[in-house]
Amino acid sequence: MTTLYGITNCDTVKRARAWLDEHGVAYRFHDFKKEGVPEKELDQWLKAPGWEALVNRRGTTWRRLDDETRAAVVDSASARSVLLSNPSLIKRPVVNWGSAAGVTTGFDAAQWKSRVV
């Protein structure tokens with residue numbers, strides 16, 4: 001079963017959910033705001049697709065962090081700490097496509113289409 005992780009009111013997550021619905025992909029939605037960031041899954045995501053792919057450096061949450069905190073995000077361990085304390089900093093959505101298909105971050109319709117066809 002596909003699991004989509006994100007935040008309900010995020011526009012990108014809304015587009016992703018609509019795309020999954022339009023393409024008949026069954027999925028479970030995990031809301032970071034209501035259910036928190038699942039630490040076990042986060043540890044897996046930090047390995048693949050990797051901490052650089054998970055940290056959204058273009059969003060307002062990143063810009064609101066103090067310079068010291070931003071400068072300290074240099075590896076998986078430092079990213080993990082910041083992501084757990086700031087779930088909105090995770091690039092959304094994170095999608096676990098199932099064991100063989102892997103995990104992706106962000107919404108890319110072309111990439112997604114190759115996973116569901």
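Why does Phe32 count as buried? Its relative accessibility is 2%, and buried means under 20%. So Phe32 falls on the buried side of that cut-off.

Keep in mind that this model is predicted. The mean pLDDT of the protein chain is 95, and 99% of its residues reach 70 or more. Among the elements of the chain, strand 2 (residues 27-31) has the highest mean pLDDT, 98. Helix 7 (residues 109-116) has the lowest, 88.

Now look at the aromatic rings. The structure holds six aromatic pairs. One of them joins Tyr5 and Phe32: the ring centres are 6.3 Å apart and the planes stand at 20°, so the pair is stacked. Tyr5 sits in strand 1 (residues 2-6) and Phe32 in helix 2 (residues 32-35), so this pair ties together parts that are 27 residues apart in sequence. Tyr5 is buried, and so is Phe32.

Phe32 also pairs with Trp45. This pair is edge-to-face, with 6.4 Å from centre to centre and 65° between the planes. It links helix 2 to helix 3, across 13 residues. Trp45 is buried too, with a relative accessible area of 1%. Elsewhere, Trp19, Trp97, Phe107 and Trp112 form one aromatic cluster.

Next, follow helix 3 (residues 39-54) to helix 6 (residues 76-85). The two pack at an angle of about 115°, with their axes 10 Å apart. Their crossing is right-handed. On the helix 3 side, the contact residues include Leu42, Leu46 and Trp51. On the helix 6 side, they include Ala79, Arg80 and Leu83. The residues of this contact divide into seven nonpolar, one polar and three charged.

Note on methods: Residues are numbered from 1 along each chain as its sequence is written. This is a predicted model: local features need pLDDT of at least 70, side-chain atom pairs count only at pLDDT 80 or more; totals for chains, interfaces and linings use all residues. Side-chain values use heavy atoms; hydrogens and water are left out. Axes are lines fitted to C-alpha atoms, for helices over the stretch in contact, and angles run from 0 to 180 degrees between N-to-C directions. Helices (H or I, at least four residues) and strands (E, at least two) are DSSP runs, numbered from the N terminus. A crossing is left-handed if the near helix is turned anticlockwise from the far one by less than a right angle, and right-handed if clockwise. Contact means heavy atoms within 4.5 Å. Ala, Val, Leu, Ile, Met, Phe, Trp, Tyr, Cys and Pro count as nonpolar, Asp, Glu, Lys and Arg as charged, and the others, Gly among them, as polar. pLDDT is the predictor's confidence in each residue, from 0 to 100. Rings of Phe, Tyr and Trp (its six-membered ring) pair if their centres lie within 6.5 Å; planes under 30 degrees apart count as stacked, over 60 as edge-to-face and the rest as tilted. Buried means under 20% relative accessible area, exposed over 50%, partly exposed in between (1.4 Å probe, protein chains only).
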